[in-house]
Amino acid sequence: MRTYILALSKYAMTAGMLLYTVLAFIQMRRTGKKKSNAADAVMIFLLFVVHSAAFLTIYAATMDPRYVFFWLFQTVTMVAAIVLFGTIYPQSNKTLYINVCMLLSIGLIIITRLSYEKAVRQYDIVSVGLFLGIAIPALMKKVRYLKNLTYIYAATGAAALLVVLLLGQVTQGSKLSYSVFGVSMQPSEFVKILFIFYLASAYYESADIRHVFITGVISAAHVIILVMSNDLGTALVFFVAYVFMTFLASGRWQYLLAGAARGLAGSYAGYHLFSHVQVRVQAWRDPWSVIDSMGYQITQSLFSISYGGLFGAGLMQGTPDKIPYAASDFIFAAICEEMGLIFAFSMIALCLVCFLDILWISLNFADRFYRFTAFGFAVVYIFQIFLTVGGEIKFIPLTGVTLPLVSYGGSSVLSTIIQFAIIEAIYIMQQDRIKSFEDRFEREERERRRRTRERRGMADHEKTGRIRQLREQVKRSGYTDNRYDRYDTPEIRKKAAPKSGGYKETEFIDDRTNTDMTEDETANEDAYETGGWDPELDDIDLNDYKEINYDPGNDGQKEHHGK
Amino acid sequence: MRNKNWKPFVEDIQAEKEKIRHEILFVQWLFIALFAAMTVFICTYSINNKETLFENDYNGREQLLLSENIRGSIYSADGQVLAETVTDKDGTETRNYPFSNVFSHVVGYSTMGKSGLEKSENYTLIHSGLSFSEKAALDEKDSKYEGNSIYTTLDPAVQQAAYDALGAYSGAVIVTDPETGDILAMVSKPDFDPNQIDSMWDTYLSEDNTQGNLLNRVTMGQYPPGSTFKIMDAIEYVEENPETWKNYSFNCIGTFEKDGGSIHCFHYETHGQVDFEKSFAESCNCSFANIGLSLDRSSYENTLKKFMFNSSLPYDYPYEKSTVDLDDTTSAKELMQIAIGQGTTSMSPLHINLITQSVANDGVLMRPRLVESTKTASGTVLSSNKTAEYATLMDESTASTMKELMQDVVEEGTASKLKGYSYTAAGKTGSAEYDQNDESQSHAWFTGFAPVEDPKYCITVIIEGAGSGGDYAVPIARRVFDACFGQ
């Protein structure tokens with residue numbers, strides 16, 4: 001039995017992950033439309049399958065009962081978080097939240113396999129993060145002045161980085177962290193969020209040359225502090241965030257090209273200024289010649305990836321722990337070795353799906369501030385994955401950044417969960433705005449009906465004229481609606497035609513007899529005045545409006561919160 | 001609010017969306033392309049280099065596998081064990097080589113580093129291809145999985161005969177089947193006992209030891225080919241003069257001088273008036289220096305290239321490339337040296353054997369085969385090497401001419417010690433001088449095949465520093481042939 005579990009569970013995990021990714025992709029394509037709850041349910045089930053199969057394998061290999069309890073804790077936490085989140089925010093992007101949980105669970109699996117103690121620490125932070133993630137959207141809805149804090153973001157962020165530079169502890173030759181109350185943290189991970197907020201608030205009104213220049217200077221300050229702290233990977237992430245957000249805000253390709261040129265110039269200068277950059281480039285071009293020193297990590301990573309093959313060696317059946325920093329910087333190689341290339345690249349595809357999802361949330365969102373924020377998070381997220389995975393597979397030089405949500409590292413995972421929670425908040429706000437539009441349209445519709453009813457004593461041609469007017473208005477708004485067609489029958493038109501001799505009082509015709517309204521609907525409409533009107537029974541299809549990305553909240557803001 | 005018209009906002013948003021749509025799409029496709037490129041890159045790299053990466057000394061996953069699997073066995077063509085791992089009662093594993101020194105170089109060793117098949121087939125040997133049920137059964141017994149087995153083409157009878165025939169000489173013997181390319185025997189001396197490699201290691205590698213016990217002379221040895229190189233001259237001459245080569249005539253007076261170069265026959269022997277056949281059979285250096293000078297250089301250069309000089313051999317295991325320095329600028333003096341296989345030319349016994357095989361097999365060279373198949377410990381075939389043609393090195397007519405010429409060497413030439421047995425043999429001897437200062441010292445070469453009508457065995461022998469090929473190498477070949485044909 002044990003033999004079969006150890007040998008076959010990897011195929012179950014690969015299949016589960018592959019199917020999960022396909023579903024996540026299909027769900028992602030539905031952004032802006034209604035996502036399928038059934039697919040969400042299947043995805044939660046697959047998450048459970050992959051996670052359980054992994055822990056079953058670890059248990060079969062070690063026969064250590066603490067892994068069973070650990071599995072139980074993780075499962076309960078994850079299910080509780082997903083259920084709670086879905087219940088509190090019915091308007092949220094549940095698929096994205098489940099995807100985050102999937103990536104977290106993959107991380108927990110491989111970290112558990114590498115070091116139980118580290119995994120427990122990671123689990124604690126993940127639990128805190130997941131529930132913090134539930135609180136954030138509620139908080140964000142309350143806080144309306146986020147976009148006005150431009151320089152506060154920049155000052156706080158730069159100050160935090162500066163503190164690390166001056167007081168930080170040196171790990172692997174870089175100053176990354178410092179301890180507060182005995183807890184070691186990496187401020188750069190959180191400054192990332194502030195930096196994106198800074199760029200979004202700096203650009204949301206205008207991205208003319210003056211703004212671009214000022215933000216350029218402030219971004220450069222961030223990047224230089226990071227370079228001085230020797231945290232080149234993060235410096236690069238900040239730089240790329242600046243270039244891409246300037247590009248999006250200005251819509252000018254010149255800025256993108258200029259950014260690329262500056263990036264190349266910076267790399268060239270860095271290569272000639274810093275010996276450790278040269279060493280890294282050397283270790284990338286030919287790691288075999290420096291296998292004893294700088295090439296050791298990357299070659300160990302390549303051994304790992306290659307040893308795993310398509311389906312992996314199986315959990316606990318490889319030696320990913322041979323790679324230095326396997327749990328943080330080289331987690332992708334560890335996943336490749338034990339879970340296989342198919343699994344690992346399904347995971348990367350899942351990361352891409354999350355990225356695209358955020359990108360489309362950004363595209364569909366009305367408020368420029370939140371749009372830029374979402375876009376910034378998307379770029380930072382995917383670029384970090386590109387840096388770490390590319391470095392581990394010798395596609396690009398090694399920069400030493402973590403794989404967000406998956407890698408071991410409290411600051412990294414907490415910061416990434418917060419980023420995703422902010423994106424959820426943005427999504428929820430967007431959905432709320434659509435909802436508020438729907439509500440208002442409903443109100444206006446009710447108003448219209450009331451007026452129509454008042455006019456029932458009026459001439460038909462007047463009534464028809466008003467209806468035409470209403471329909472024109474709706475048509476101009478960009479979608480078709482045949483709701484009013486029933487008032488446009490030839491009979492009514494004939495009656496409404498102005499007769500010679502001018503205005504003539506005519507008998508009231510209850511046009512409802514000419515429509516396809518059922519008796520229930522008629523009764524419902526009559527109950528309107530008394531307050532017993534039931535939208536469900538009415539023939540207004542609210543889903544018609546969901547396609548429109550109308551944002552009443554924007555003007556609402558101008559009314560209530562405008563400067 | 002109630003009276004506010006919502007249309008402008010919808011329109012604004014649509015306009016804004018249009019404005020950034022291109023930027024968003026660009027970012028989307030940029031990253032999709034980057035990730036697609038990364039996926040293709042690492043998949044092809046890691047799958048194509050799987051074995052190379054695994055074998056790297058820094059990898060260390062071999063130990064992991066060896067903790068689960070028992071190193072597999074190596075078998076001869078008739079199923080005898082050449083190498084196996086024996087587990088004691090207390091779980092200690094020892095690598096056992098039942099034939100001790102006989103297969104030392106070709107099978108190799110696996111404890112002090114690795115060599116031979118133990119090295120080349122290491123990946124297969126330490127993996128276990130057993131099915132899940134077989135593995136589960138072994139788990140029940142709490143024993144390790146058996147690694148995969150290697151089935152070689154080696155023939156213990158021929159190998160033993162070659163090993164015995166070589167006796168105490170330093171040198172090498174390789175026996176192959178020219179029809180299939182199978183390597184039947186590969187002996188190199190001085191040798192070593194792989195069972196005792198651990199204890200003898202320091203002795204073998206000490207600076208006082210100049211014997212090179214660990215060197216496989218068949219593949220890694222580079223020797224001046226001496227007169228065996230005349231096979232190349234003859235092939236080129238016959239191909240250049242298909243009609244007139246029989247009319248060739250030369251008067252040998254023991255030495256031959258041209259453009260400041262001087263050639264003499266072995267031990268200053270005088271052959272007198274010789275034709276082409278006799279020049280070849282008697283291995284007349286003067287005549288072949290003369291023939292060499294008459295050859296078309298660029299054509300000869302191409303022929304040598306085709307015969308794998310200065311290039312790779314179709315051999316899957318480690319070997320040294322043979323070298324010959326011939327181009328348009330080669331002086332007459334050097335060319336005369338090249339023609340008699342002296343000078344800077346150097347070849348491995350394996351290479352000479354491949355050329356001989358192609359003559360024996362009507363000009364077609366088969367791809368050399370050392371491993372016939374790999375199987376799991378329970379006998380399921382994992383992979384099998386099919387016999388395959390490598391290249392046609394010469395016309396069938398040239399090959400048959402060469403066969404006749406080489407048979408004359410046995411019948412009335414320098415290899416007469418092979419004459420008069422139940423099988424017909426053909427070949428070419430060589431006595432390669434390797435010491436510039438002492439011309440009396442020479443390596444003894446013989447390369448040939450038998451039976452001539454339908455060659456089954458192709459043999460190449462070299463004995464270091466023994467003397468003339470006819471006197472020393474031919475008798476060894478004869479003893480191996482005797483064993484092959486059951487005498």
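Modeller: In chain B, the C-alpha centres of domain 1 and domain 2 lie 65 Å apart. Domain 1 of chain B covers 8-48 and domain 2 covers 219-484, with bounds taken from an automatic or database domain assignment. This is a predicted model, in which local features need pLDDT of at least 70 and side-chain atom pairs count only at pLDDT 80 or more, while totals for chains, interfaces and linings use all residues. Residues are numbered from 1 along each chain as its sequence is written, with chains lettered from A and ligands numbered from 1 in the order in which they are written.

Next come the sheets of chain B. One is an open sheet of five strands, ordered β8-β7-β19-β18-β17, with antiparallel pairing. Strands here are DSSP runs of E with at least two residues, helices are runs of H or I with at least four, and both are numbered from the N terminus; two strands pair if DSSP finds at least two bridges between them. At the edges of the five-stranded sheet are β8 (183-189) and β17 (426-433) of chain B, each of which pairs on one side only. From one strand to the next, the twist averages 5°. Within this sheet, β7 (residues 171-176) and β19 (residues 457-463) of chain B are joined in the antiparallel sense by six bridges. Opposite B:Ile174 stands B:Thr460, a residue of β19(B).

Helix α17 (residues 396-412) of chain B lies across β17 and β18 (442-450) of chain B and runs at about 70° to β17(B). Such angles run from 0 to 180 degrees between N-to-C directions, and the axes are lines fitted to C-alpha atoms, for helices over the stretch in contact.

The bond from B:Lys189 to B:Pro190 is cis, with omega near 0°; B:Pro190 sits in the loop between β8 and α9 (197-205) of chain B. B:Ala450 and B:Pro451 are also joined by a cis peptide bond, with omega about -15°, and B:Pro451 belongs to the loop between β18 and β19 of chain B. Another backbone detail is B:Asp142, a residue other than glycine with a positive phi, near 60°. B:Asp142 is in the loop between α7 (132-140) and β5 (145-146) of chain B.

The other open sheet to look at in chain B has six strands in the order β4-β3-β2-β6-β14-β15, and its pairing is mixed. Its edge strands, pairing on one side only, are β4 (93-96) and β15 (381-384) of chain B. Strand β14 (residues 371-375) of chain B runs antiparallel to β15(B), and three bridges join them. B:Thr374 has B:Ser383 in β15(B) as its bridge partner.

For helix packing in chain B, take α11 (residues 230-240) and α13 (residues 285-294), whose axes come within 10 Å and cross at roughly 45°. That angle makes α11(B) oblique to α13(B) (under 35 degrees counts as roughly parallel, over 145 as roughly antiparallel, 65 to 115 as roughly perpendicular and the rest as oblique). The crossing of α11(B) past α13(B) is left-handed, meaning that the near helix is turned anticlockwise from the far one by less than a right angle. From α11(B) come B:Lys230, B:Asp233 and B:Tyr237, which meet B:Phe288, B:Ile291 and B:Gly292 of α13(B); contact requires C-beta atoms, placed from the backbone, within 7 Å. By class, three of these residues are nonpolar, one is polar and two are charged (Ala, Val, Leu, Ile, Met, Phe, Trp, Tyr, Cys and Pro count as nonpolar, Asp, Glu, Lys and Arg as charged, and the others, Gly among them, as polar).

Last, chain A. Helices α8 (residues 209-228) and α9 (residues 232-250) of chain A pack at about 170°, with axes 8 Å apart, which makes α8(A) roughly antiparallel to α9(A). Their contact includes A:His222 and A:Leu226 of α8(A) and A:Phe238 and A:Tyr242 of α9(A). It has nine nonpolar, six polar and no charged residues. The axes of α7 (residues 187-203) of chain A and α8(A) come within 10 Å and cross at roughly 170°, so α7(A) is roughly antiparallel to α8(A). Among the residues that meet there are A:Phe195 and A:Leu199 in α7(A) and A:His222 and A:Leu226 in α8(A).

How values were computed. Two residues are in contact if their C-beta atoms, placed from the backbone, lie within 7 Å.
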